[in-house]
Each structure stands twice: as C-alpha cells, then as structure tokens.
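Please look through the sequence and the structure shown here before reading the report.

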Amino acid sequence: MREVAIVAFGQSDHVRDSAETSEVEMLMPVLHDVLAQTGLKARDIDFTCSGSSDYLAGRAFSFTMALDGVGAWPPISESHVEMDGAWALYEAWVKILTGEAETALVYAYGKSSPGDVREVLTRQLDPYYVAPLWPDSVALAALQARALIDAGLTDERELAGIAARSRTAAEANPHAQLRGPVPAGEHLVAPLRTGDCPPVGDGAAAVILAAGDTARRLTDRPAWIRGLDHRIEAHSLGVRDLTDSPSTRLAAQRAGAFERPLDTAELHAPFTSQEVVLRRALELDAPGSTVRINPSGGALAANPVMAAGLIRLGEAAARIQRGESDRALAHATSGPCLQQNLVAVLEGES
Amino acid sequence: MPEVRTAPLVVEFPFTRSLGPVQSAFLTGLRERTVLGVRGSDGRVVVPPAEYDPVTAEEIRELVQVGASGTVTTWAWNPAPRRGQPLATPFAWVLVRLDGADTALLHALDAPGPDAVHTGMRVRIRWAAERTGAITDIACFEPERSEPEQSAGNGRQPIPHDGEFADPVTGITTPARLDYTYSPGRAQSRYIDALADRKTIGERCPSCRKVYVPPRGACPTCGVATDAQVEVGPRGTVTTFCIVNIKARHTANLDIEVPYVYAHIALDGADLALHARIGGIPYDQVRMGLRVEPVWTDDGRFPDHYRPTGEPDADYDSYKELI
C-alpha cells in the first residue's frame, strides 16, 4: 500500500464569536499557513477536500464560497463532505492511495456563533421519531453520561477530573478557547454540568497530505498514516448500548491501533463522559499504559463543530512532526452519542 | 475596524416526508393509542420500529403490539426546556423500554424533579389529547403509580398485529425553524456600508488586479484576500439578460409586472457582473451592451432597478470578458 503522511497542520484561534469575519475570511489564513509550511502553492495541490455544514451558520452553499480561499479557478479537483473534516481527510487519503493524487489539501471550518448549535444539531436526527422532539445535543450526551454512571463506569467526580485535565493541558495550546481553571458549574442537563460540555465557538483547520518521497521532501518528519478506518452504529439511540463504542473499537482494530503501544491519543470527545467510553473502547487504561490523552486539551478546550475531528488528526500529526510522539492515535466522531467514529494511527519515521 | 453588521435570519423548513409501511403503521397506531414494534432479524422487538434491521439491514415487516407502559433505561434532567421540546416545564429526557420491547424509545418524562426519577422506574404513556399520527401523539411519559392496566399489549409479551388501521397516515409534515444572527464579514460589511451612501464598492485582488463586485473577501482565482476598496459604477453595461414571464410568488417582488428583464450588469470599473432588474424601457428593447444606471427609491438600501442612461451602446469587445 502507498505510504501517505500528514506533512502540515494549521488552525485558527478558536473564539466564541467571529462575527467580524466571513467563513472564507476566517479560513484563508489557515490555508495560507499550511501551504507556507510546505512551500507548496495552491496550484501544486492535486486534490482538495473540505468538511463543513451550512446548517451551522445558516448559509446555503457556504462551502462553495469558502472555496474562493483556495483559488479554485482554473478548475481544480475538489470534493466536499457535509461532515467533520476528518472524513474529508479520509476521502483525500483514499484518493492518494488510488494513485490519482500525490498531494492533497484538507480543510474544515465551523461557525457555531450565528445560530444555536444545540438546536441546529437536532436536525441531524431521525426526522420521523426523534427530531420532532427537539432533543438537543447536551440532552443526548447526558443520557449517555447517566447510563455510564448507572453502570458504575464513571461518576461526576471523575468527569470533573477529565474536564480539569483537558483545560490544564490547553494552557499550552495558544489556539484553545477554554483553558486553565474552569468551574464545574451548574447542571446544564443533569448529570452533565457546564464544565462537562465543550465551549461553543468558531474556528477552522487545515492539513496537507502527501505520498511517499513527496512527503519526505516537504517536511523533516512526516506523520505517516499507518491505518485509517471509520465505522458507524445504528441511528436509533434506543437500539445501542450507550456505555460502549463498538464502532470505535472496530475502527481502531482495522487501523492497527492495538498492534503496538501508543504514546499519544487525541480523542474527539466533546463531552467528558464520551472520553470514558472512548478510553474503554480503545483500551487506553490498560495496566502499564503510558498514553498521553489529549495533550492539546481536546474538544473540551476548543470545539469548532465540523473541524474539531480534523484537529485531532492535525494535533497528533504535529506532535509527531515535533518529535514529541512516535506513535499516536487520532479519533474523530460524528452524530449523537458517538454514533460514528474514525480512528487513525500515525507514526514518525522509524 | 468598522462596526460589525448583523441581522436576524430565520431559516424555516416545512419538511414533508412520506412514510414506509412500518413507519406508517407505527405512527397511525399512535393516533389510535396503540404502540407497535417490529421484530428484527434476530427476533428482538424494535420500538420505535425501523423499516430495516438495525444490524443486518434486512427488510423487516413483522409487526407486534407492545405495552403503553415501560421501564426507564437511562434519563437526563432538563432544568430549562427549549423551544419545540415536549414539555414547557422542567422534565427528564428518558429512554423507555416499553413492555414487550427489546429496545428503547426516546421521549420526555413529566416528573416533579430529578429526585423523582431513576433508571429502572416504571412509566407509562400520557397520550396527547389531539393525535395526528406523529411521535408527538405521545405527549410525554408519566410515572406509573398503580399496577399496569390489563389491556391489549400491556403484558410482557408482544402481541402479533397486522398493522391495519382505517385511514392510515402515509406522510408527515414536520416544521423546523432555526434562528440565526447573520453577519456578513469584513468585505461584505464594507460593501453594505457604502451602499448606505449610494456608492458601490468593489475590492481588488492584489495578485491579478481584478475588481470583484460584490466583494466576498477572497479572489476565487488567486485564493488571496482582496484588500483594496474601489468605487465602481454607478453606470454600467448589460452583458446578458433574460425575460421573466412568470409573476413571482415571493412577497418582495409582488409589485413587479411581467414580463420584465433581469440582467447581468458590469458596472464601470468592475471585473465581475452583478445582477439586477432593468426598468424604464420596454422589455423587448433591452439588449446586450445597453448602458444603464441605478434607480434608488427613498428608503432603498440598494438600487431598486437599473434604467437606460441614453448613452450609445457599449462596444461588444469592451464587455465580452465579463459575459
């Protein structure tokens, strides 16, 4: 199989409200950043793929206007997913594996500030039985958290500890929106408190992928994608065991995550309780495990919807590029209560 | 930096969806205060029922009736109900496994407080007074204080059901409304601010030197920010046009008589044509190259339409790149 690596990663500062910039104005500096890191020009990129959702900001076809920031004329080879940018990266990775591209630009952006993201996300639910009840994203995560507590798999104290660890780690992340001491707060939807929930905000991210020797030429230490897989579970919440994530486990198996020890895991867990589910599915709490979880602070420190998953891959890759990790797992999620999950295993050159 | 412009934006969708046979039976059943499930490939009873097996994706059609009471499998206390949710007072979100079902249904539980709710508690459906064949025919669940009533489906075993009802529901209409605060960004804010002074501002690409109107902040050819503001127009040239023969249903256009002309207009100094209505000339006399100017109404925030200036037509070569 062709070797493919992440060779550059960039992200915006994540902020509560970016009203002064349009999406393309927010995104463009990030695109220029990753191109500058590699010395590539936009026209050198063989394939461009993005992830975003027009529902977030209520702007129809915003992704076509975001393309203005790439320079899409004369026509480029391009695609878009109405998903987190991690799935755009998956498409770009497959494109490179087929041999049709040597390099790819992947980007994602989300502006939650114009709307009410808790309401907006209800529109992704089953339109017949669930969406008419308008169960917001925090409510659904709280049902999962309660199931975990009732099963004896966590408690509110452990959840508060996950929140504190994440935001302490984020003190070293200049792009994070929420860092340092954050109060546990009131119950937003019990058992979840405000501190268990991600900040609502706007942001963008981009990575550049490259194959084989091209990757080695573009950066000193490429973050090689050794495995990448994504799996989905039933959409009906009442069919699933919310305390487990078989889709994460299967994706991790197929990505080769369990074959050798990891030193880093970037998990896309917007709610503290979801980290508990993921750690179990990924066996990160196994005896003797020394995995550093979310050194970036994770989605609890910055959660630009549609970009937060791609950022997990980017943060893991950047850690490898800096020589701080040799083998990292990156995870992205989509849908309510970890419905769909993507796992990547990244390694430095051995 | 100029003040950030914002405006309320409401997006509403009256989604009309047709139902499959299983969904139709389930929602019609709710109207008749009957809860149906479907038997999955592995024999378990799925409620609310799916058209296809959640695991194997096989088509599943074997309907059964389950109870109107059940057991809470997980819950979450919602102290601040939001628009559209089943109850306006604080309530618990619950997943309920109805008697005879093997999976759980999401809904609201009307309870006095979180202390009155626990996993494993017995609850029963409170039916809506008016039922149309929708998930909201279940108004909510309520704690079950007495022994379950002994009626059809209220035992632990599901009862076979043919799914037949008089006047079945075959579709649902679910209105959805999302409220936004729209902000157009820097470049479009500058454009809108200039329009308030009846000026049209484009922005120039520092790389290819093209002037974009209206500006969106980036040059789509070069992928860089447009930064220099350039006043264009007010006069321009019709590059191409169409004749509209169907009266608009949209309220903004009700006063416009058909046929009328809608045109692409290259304002003088702009490298991109914008579009507007042409007035002040019979529709069948509008032509490519026609020179036009904006007509403002007293309270207009943008030109109401464009009309002929009386100048000679522009030479084709002067606008052919802008068609």
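## About the model

This is a predicted model, in which local features need pLDDT of at least 70, side-chain atom pairs count only at pLDDT 80 or more, and totals for chains, interfaces and linings use all residues. Residues are numbered from 1 along each chain as its sequence is written, while chains are lettered from A and ligands numbered from 1 in the order in which they are written.

## Chain A as a whole

Chain A contains eleven helices and twelve strands, where helices (H or I, at least four residues) and strands (E, at least two) are DSSP runs numbered from the N terminus. Its radius of gyration, taken over C-alpha atoms, is 19 Å, close to the 20 Å that the globule rule (2.2 Å times the number of residues to the power 0.38) gives for 350 residues, so chain A is as compact as a globular protein of that length. Along the principal axes, the C-alpha atoms of chain A fill a box of roughly 55 × 45 × 40 Å.

Of the 350 residues of chain A, 65% are buried, a residue being buried if 20 or more other C-beta atoms, placed from the backbone, lie within 10 Å of its own.

## Two helices that pack together

Helix α4 (residues 85–97) and helix α11 (residues 308–321) of chain A pack with their axes 6 Å apart and at an angle of about 60°; the axes are lines fitted to C-alpha atoms over the stretch in contact, and angles run from 0 to 180 degrees between N-to-C directions. The two helices α4(A) and α11(A) are therefore oblique to each other, a word for angles that are not under 35 degrees (roughly parallel), over 145 (roughly antiparallel) or 65 to 115 (roughly perpendicular).

Gly85(A), Ala86(A) and Leu89(A) of α4(A) make this contact with Gly309(A), Leu310(A) and Leu313(A) of α11(A), where contact requires C-beta atoms, placed from the backbone, to lie within 7 Å.

## Helix α9

Helix α9 (residues 246–255) of chain A has buried residues that include Ser247(A), Arg249(A) and Ala252(A). The buried residues of α9(A) pack against β8 (223–232), α10 (272–281), β11 (327–334) and β12 (340–347) of chain A. After α9(A) comes Gly256(A), whose phi is positive, near 85°.

## Where chain A meets chain B

The contact takes 48 residues from chain A and 56 residues from chain B. On the side of chain A that touches chain B, α6(A) gives the most, with six residues.

Technical notes
Two residues are in contact if their C-beta atoms, placed from the backbone, lie within 7 Å. A residue is buried if 20 or more other C-beta atoms lie within 10 Å of its own, exposed if 12 or fewer, and partly exposed in between; C-beta atoms are placed from the backbone.
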